Each structure stands twice: as structure tokens, then as C-alpha cells.
Amino acid sequence: MATTTSLNHIIYLILDQLRGRSVVTDTILPEQVEQIVINLRSQLIKQDSNKGYTADPYIIQDLGCVEMEVVDAAESCIIEAGCNLLRSVKPIPSTIELHHSQLFTRVGPVNKGLPGYDYVHYERIPYVLSNKYTKNRVKYYMQNTDGYLYLVVPNNILQVLRFINVQGVFEDPRDAYNFEDCDGKPCYSPSDPFPIKNWMVNSIVDMAIKLFLATQAAVPEDSTNNNENDYNTPQTK
């Protein structure tokens with residue numbers, strides 16, 4: 001089931017419950033809680049996906065209209081000069097990585113009624129380019145060294161691929177804020193529904209609270225109440 005809970009609301013739930021447990025929250029920054037929520041979401045989705053579960057629509061983010069630009073094929077050591085190579089203008093957010101794949105769910109035309117492009121590991125590009133059955137299909141790949149998405153494009157459609165659509169389960173949902181839909185609206189804000197499954201909200205809140213409680217329990221008590229770093233120091237008479 002999808003959730004309508006925003007990232008900001010999840011942060012509020014965690015801080016509110018910590019206050020209710022008499023945890024000193026003055027030194028806990030909302031930014032700290034936010035990053036913990038992001039990390040726990042990634043952890044839960046990775047565990048779920050590695051069990052073989054599919055990527056549900058409500059954990060998928062749409063990067064809208066991703067702008068592409070023509071680059072020299074010589075940028076890729078495995079593509080012969082003269083091939084058509086496009087690269088995303090901006091680096092693509094990191095997807096959650098599974099055992100043997102990345103969680104891209106669609107890379108294709110902006111018109112979502114059309115088929116998506118073929119994913120190819122960049123080391124296999126020379127082989128698929130020589131395949132008579134697939135050489136005329138648009139292919140995409142990522143280079144781990146720079147974070148950009150690349151398209152290998154046949155001559156006849158090169159000029160119509162200024163924008164493409166990219167969807168996936170991204171490690172940090174906030175990165176989608178740097179992308180816009182085709183109407184110019186940012187693809188994400190902290191007040192939007194957070195891209196997780198509904199059951200994960202309570203799990204993340206519980207896990208975050210346990211983490212902060214454990215951290216506080218590990219801090220020695222300031223028995224002198226003087227705000228100095230003299231915890232548990234015996235007092236002289």
C-alpha cells in the first residue's frame with residue numbers, strides 16, 4: 001500500500017516520540033534524523049528487493065524530462081568513433097543496488113506509451129552493436145565513474161532525443177529535486193509523499209528511535225550538572 005506520509009512528517013514523528021521518552025532532543029538536529037530516515041529506507045528496500053519482491057510503483061520516482069546532449073563517442077573507450085552517443089546533462093541519482101542489478105525501472109521516450117530502451121552493461125556495447133537484430137535499437141548504460149546516463153542512438157532518431165524519461169528506486173529520494181517534469185515542476189520536495197511502502201513508516205520510526213536511545217544510553221551521565229566533560233568523575237570533599 002502506498003503512503004501519503006511526507007519525509008517531514010516522518011522526522012516529526014521520530015522527534016515527537018523521542019521527547020515523549022524523555023530523550024534530550026535539543027542536541028538532535030532534524031538534519032541528522034532526516035539522513036537516518038534516508039539510510040533506513042534504503043536498507044529496508046534493499047532487503048525487500050533482494051528477497052525477490054518487485055519494485056512497487058509507490059517506491060519508484062520519476063525524473064520527468066531528463067535533458068540529453070550529444071557527446072563525442074571517443075568519451076567511451078568501448079564505442080567506435082562515429083557512433084552516436086548522448087549523455088544526460090546532469091548526473092543521474094544513484095539507484096539502490098541489488099546483488100546483480102540497479103533499480104532502474106524505466107529509461108525511454110518522454111511519451112510513456114512507447115517502449116523503453118534496452119539496458120546494456122557498458123562492457124557489452126561492442127557486441128550488441130554488431131548484432132544485426134539489436135543494433136538499430138536505442139541502448140542505455142551507466143558509467144560508474146561519472147554517474148551520467150548514456151544512450152547509443154541510431155542515426156535516424158538522433159535529433160528527436162533531446163529529452164528522455166528516467167524512473168527508478170533511488171538511494172536518496174531528495175536527489176530527484178534537481179530534476180523537473182516537462183512542465184518545469186520539481187520532481188520531488190520534502191512535503192511530497194515519501195517514496196516508501198506504508199508498512200515501512202512504522203519500521204523506520206521504531207528503528208530510528210532505538211538508534212537514538214542506544215546512542216544516549218552510551219553517553220556517560222553528567223553527574224555534576226555543570227555541562228563540563230567530567231562525567232562520572234569522583235567528587236573531592
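Buried residues are those under 20% relative accessible area, exposed residues those over 50%, and partly exposed residues those in between, with a 1.4 Å probe and protein chains only. The views below show a predicted model, in which local features need pLDDT of at least 70, side-chain atom pairs count only at pLDDT 80 or more, and totals for chains, interfaces and linings use all residues. Residues are numbered from 1 along each chain as its sequence is written, and side-chain values use heavy atoms, with hydrogens and water left out.

**View 1. The chain and its secondary structure.** The chain comprises four helices and eight strands. Helices (H or I, at least four residues) and strands (E, at least two) are DSSP runs, numbered from the N terminus. Read from the N terminus, the order of the elements is α-α-β-β-β-β-β-α-β-β-β-α. Of the 237 residues in the chain, 41% are buried.

**View 2. The loop between β8 and α4 at Pro 195.** Pro 195 is found in the loop between β8 and α4. With a relative accessible area of 5%, Pro 195 is buried.

View 3. Rings of Phe, Tyr and Trp (its six-membered ring) pair if their centres lie within 6.5 Å; planes under 30 degrees apart count as stacked, over 60 as edge-to-face and the rest as tilted. This rule gives three aromatic pairs. In one of them, the ring centres of Phe 104 and Tyr 140 are 6.3 Å apart and the planes meet at 80°, so the pair is edge-to-face. Phe 104 belongs to strand β4 (residues 104-108) and Tyr 140 to strand β6 (residues 139-142), so this pair ties together parts that are 36 residues apart in sequence. Phe 104 and Tyr 140 are both buried. Tyr 119 and Tyr 140 form a tilted pair, with 5.4 Å from centre to centre and 55° between the planes. Because Tyr 119 lies in strand β5 (residues 118-119) and Tyr 140 in strand β6, the pair ties together parts that are 21 residues apart in sequence. Tyr 119 is partly exposed, at 45% relative accessibility, whereas Tyr 140 is buried, at 7%.

**View 4. Charged ends over aromatic rings.** A charge sits over a ring if NZ of Lys or CZ of Arg is within 6 Å of the ring centre and within 35 degrees of the ring normal. The charged end of Arg 41 is placed over the ring of Phe 194, at 5.8 Å from the ring centre. Likewise, the charged end of Lys 90 is over the ring of Phe 179, at 5.4 Å from the ring centre. Lys 90 lies in the loop between β3 (84-88) and β4 and is partly exposed, with a relative accessible area of 39%. Between the C-alpha atoms of Lys 90 and Gly 147 there are 8.6 Å, while the two residues are 57 residues apart along the chain.

View 5. Cys 65 lies in the loop between β1 (61-62) and β2 (66-71), and Cys 182 in the loop between β8 (163-168) and α4 (198-217), so the pair ties together parts that are 117 residues apart in sequence. Cys 65 is buried, with a relative accessible area of 14%, whereas Cys 182 is exposed, at 51% relative accessibility. Cys 187 takes part in no disulfide; the nearest cysteine sulfur, belonging to Cys 65, is 8.2 Å away.

**View 6. Helix α4 at Asn 202.** Asn 202 is part of helix α4. At 56% relative accessibility, Asn 202 is exposed. Asn 202 and Ile 10 are 192 residues apart in sequence, and their C-alpha atoms are 9.0 Å apart in space.

Notes. Disulfide = S-S within 2.5 Å.
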